[in-house]
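Subject: Structure handover

Hello,

Here is the structure for you to look over. My notes follow below it.

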Amino acid sequence: MFRFVPVCAVVFSLSFLASRPGIGQEQDAATVPAKEEAAAPDETAAAPEVAAERAEAMAPSKAAADSDNKLADLPTSPDQWINSAPLPLESLVGKGIVFYYFEEQCPKCEGRWPDILEVAERHRDEPVVFIAVNSGNSPEQLRSYLKRNKIDWPVIVDTNRAFEESSLGMEISLQNIYQTRMITAGGEWKRGNPNELDDAATTASEGGNWSIDPTSLPEELRAAWRDIEIGNYAHAARSIMRAGREGDAATKAGAKQLFDVVQGSMNTDLAAIGQQLKRNENWPAYQALESFLAKYKGYPMHPAVAEKHEQVSQMEEVRNESRAANKLASAIRTGSRGTSSSVKKAVEMLEELIGDYPDTEAAVEAKKLLAQVNGGEGEAGSSVE
C-alpha cells in the first residue's frame with residue numbers, strides 16, 4: 001500500500017515549534033509522530049526568498065506595462081475564485097497564462113464556450129493555464145453560468161471590477177463582450193486576440209515547462225497533475241491519496257511524484273510562516289496559516305500546525321485584525337449590490353470599521369474605499385475623525 005507521512009513537520013518544528021513547551025530543539029524526522037510511512041521530501045524546494053524572486057520575474061516587464069495596462073496581483077481571497085483556491089503568481093512560474101475576460105449576459109458569447117474549452121483541451125499538455133475573469137457579479141450569480149457551460153477553469157470573480165480595471169484598463173460589458181491578455185512563460189505581459197485563443201496559448205506557453213512531464217503519468221492522474229502544476233493542491237488531494245492507497249504500481253508511482261511536489265511546497269510555506277512568527281508578524285502569520293490549512297486540505301499534516309493556528313488566533317492583535325477584516329468583507333458584499341441604499345449602508349459600515357479598529361489593515365482598505373466613493377477627495381470620510 002502506498003502511504004504518506006507529513007515530513008514537512010520537520011521544517012515546521014525547526015522553524016518555530018522548537019520554542020514551544022514540551023517540544024525539544026533536537027526534534028527530527030524520527031521523533032515526528034506519523035501514522036504513515038515516509039515519502040522522501042522534495043529537497044529542491046525553493047526557499048521563500050527564491051520564490052519571491054520567481055514571482056518578481058513573473059510580473060510584466062516595465063516596457064510591457066508601459067505599452068499596455070499593468071497586471072494587478074491575482075486576487076488572494078478564496079471568495080474571489082471558483083474552481084480553484086487562490087493562485088499566487090509564484091505557483092505559475094515557468095508557465096504561460098491566458099486570461100479570458102467575458103460578459104456573462106451575452107447569449108452569443110455563451111454559445112462560444114464549447115469551442116473555447118476545446119482550445120484549452122488541445123493545449124492541455126502544453127505549459128499554459130487558462131483563467132477566466134468575470135467582473136461585476138458575485139460568486140453566487142456566476143456559479144450557475146459556469147455549471148451550465150461546463151467551465152472547469154480557474155475563474156476570478158472580480159465583483160468590484162478592481163482586477164479588470166488594473167489589468168485590462170477597460171470595462172467588459174455588452175458593448176465590449178470579451179478580451180484576452182496573457183503572461184508568457186518568460187513573464188511578459190501581452191495583449192491577445194480573443195478570437196484566436198489557439199495563437200494566444202501557443203505564444204504564452206513558448207519556452208515554458210511543467211514541473212512533471214504529464215506524459216509520464218497515468219490518465220487517471222492527469223486532472224490531479226494539472227491542479228498540482230498550478231498550485232491548486234487541495235483540489236487534487238482526494239485523487240492523489242486514493243491513487244496512493246489503491247492504484248497499481250504505475251499509478252502509485254505517479255501519485256508519489258505528485259505528492260513530492262506538494263510536500264516540497266508545504267515545507268517552503270511552513271518555513272516562511274516560521275520566519276514571520278520569529279519576527280512577531282503575528283497577523284501575516286495567522287493569514288498564512290489560514291491559507292496553509294485550506295491550501296493543503298486533504299493531505300497528512302502534523303497536528304502542531306492546527307495547534308499553532310489556534311494559538312495565534314487568540315492573540316489580541318490577530319483577533320482585532322480578523323474582526324476588522326470580516327467587517328470589511330461584509331461592507332464590500334453590501335456595496336456590491338449596487339443600489340443607492342446598499343452603497344449608503346456600506347459607507348456606514350466602513351466608517352464604523354475605521355472607528356472601531358483604526359489601526360488595522362482593514363481600516364486602511366476601508367479608507368481607500370471611502371475615498372473612491374467620495375470621488376477621491378481626501379483619504380476618507382471626515383466624519384470618522
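**The sheet and its central strands**

In β3, Y100 has A132 as its bridge partner. This is a predicted model, in which local features need pLDDT of at least 70, side-chain atom pairs count only at pLDDT 80 or more, and totals for chains, interfaces and linings use all residues. Residues are numbered from 1 along each chain as its sequence is written, and side-chain values use heavy atoms, with hydrogens and water left out.

The sheet is open and has 6 strands. Their order is β1-β4-β3-β2-β5-β6, with mixed pairing. At the edges are β1 (81-82) and β6 (189-192), each pairing on one side only. Strands count as paired if DSSP finds at least two bridges between them. Helices (H or I, at least four residues) and strands (E, at least two) are DSSP runs, numbered from the N terminus.

β2 (residues 96-102) runs parallel to β3, with 6 bridges between them. G96 stands opposite V128 in β3. On the β4 (residues 155-158) side, β3 has 4 bridges, also parallel. There, A132 stands opposite V155.

Is β3 buried or exposed? It is largely enclosed by the rest of the structure, because 8 of its 8 residues are buried. Buried means under 20% relative accessible area, exposed over 50%, and partly exposed in between (1.4 Å probe, protein chains only). In a regular strand, side chains alternate between the two faces of the sheet. Both faces of β3 are covered. V128, F130, A132 and N134 are buried on one side, and V129, I131, V133 and S135 on the other.

**Two single residues**

M182 lies in β5 (residues 178-183). M182 counts as buried because its relative accessibility is 4%. Leaving aside residues up to four places away in sequence, M182 touches I97, V98, E188, W189, K190, R191, G192, A200, T203 and A204. Contact means heavy atoms within 4.5 Å. M182 and Y100 are 82 residues apart in sequence, yet 8.7 Å apart in space, C-alpha to C-alpha.

R242 lies in helix α10 (residues 233-246). With a relative accessible area of 38%, R242 is partly exposed. R242 and K252 are 10 residues apart in sequence and 9.2 Å apart in space, C-alpha to C-alpha.

**The second largest pocket**

The second largest pocket holds about 620 Å³ of space. A pocket is an open set of points on a 1 Å grid over the protein atoms alone, where a 1.4 Å probe fits, with protein on both sides within 12 Å along at least five of seven lines. The volume is the space filled by probe spheres set on the points.

The lining of this pocket has 22 residues, each with an atom within 4 Å of a point. E121, D152, W153, A223 and R226 lie nearest the centre. The elements giving two or more residues to the lining are α5 (113-122), β3 (128-135) and α9 (222-229). Which of them gives the largest share? α9 does, with 5 residues.

By type, the lining has 10 nonpolar, 5 polar and 7 charged residues. Ala, Val, Leu, Ile, Met, Phe, Trp, Tyr, Cys and Pro count as nonpolar, Asp, Glu, Lys and Arg as charged, and the others, Gly among them, as polar.

**The chain overall**

The protein chain has 16 helices and 6 strands. Of its 385 residues, 47% are buried. Among contacts with a separation of 6 or more, 68% are between residues 24 or more positions apart.

Best wishes
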